[in-house]
Amino acid sequence: SEGMPPAGIDLMKHDVPVDIIVTPTRVIRVDPTKRLPKPNGIYWDLLSREKLSQVGPLRELKQQIEKETGQELKLANEEEALPPLARRGQKGRSSKRRTSKKPS
């Protein structure tokens, strides 16, 4: 957790820090005393109508909460309130997937 997040890259309100990192050769557990806080709940104000329309369970949850509370949950004003990584100045990963051929 030292140096996390990396210098110049701030965590956003909706980012979820990890507790464990697994690579092909190592398992790294983040020290519980140094873990960054995790988001709490759904940040409806960051969720665009466009994204909500793509995620059925979230739409249903929003409807249920609004019905139970009698209040409308406010969504983001922007079409896409959560910018893709490329817009945050981070490099994305290649879209090519590695495939392994099974021996015949």
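Which exposed residues does the face of H2 turned away from its buried side carry? Pro57, Glu60, Lys67 and Glu68 sit there.

## Basis of the model

This is a predicted model: local features need pLDDT of at least 70, side-chain atom pairs count only at pLDDT 80 or more, and totals for chains, interfaces and linings use all residues. Residues are numbered from 1 along each chain as its sequence is written, and side-chain values use heavy atoms, with hydrogens and water left out.

## Overall make-up

The protein has two helices and two strands. Their order along the sequence is β-β-α-α. Helices (H or I, at least four residues) and strands (E, at least two) are DSSP runs, numbered from the N terminus.

Of the 104 residues, 15% count as buried. Buried means under 20% relative accessible area, exposed over 50%, partly exposed in between (1.4 Å probe, protein chains only).

## Helix H2

Just after H2, glycine 70 takes a positive phi of about 70°.

Gly56, Leu58, Lys62 and Glu66 are buried in H2. Seen down the axis, the buried residues fall within an arc of 165°, so they line one face of the helix. The arc is that of the directions from the helix axis to the C-beta atoms. Helix H1 (49-54) is included in what covers these buried residues; contact means heavy atoms within 4.5 Å.
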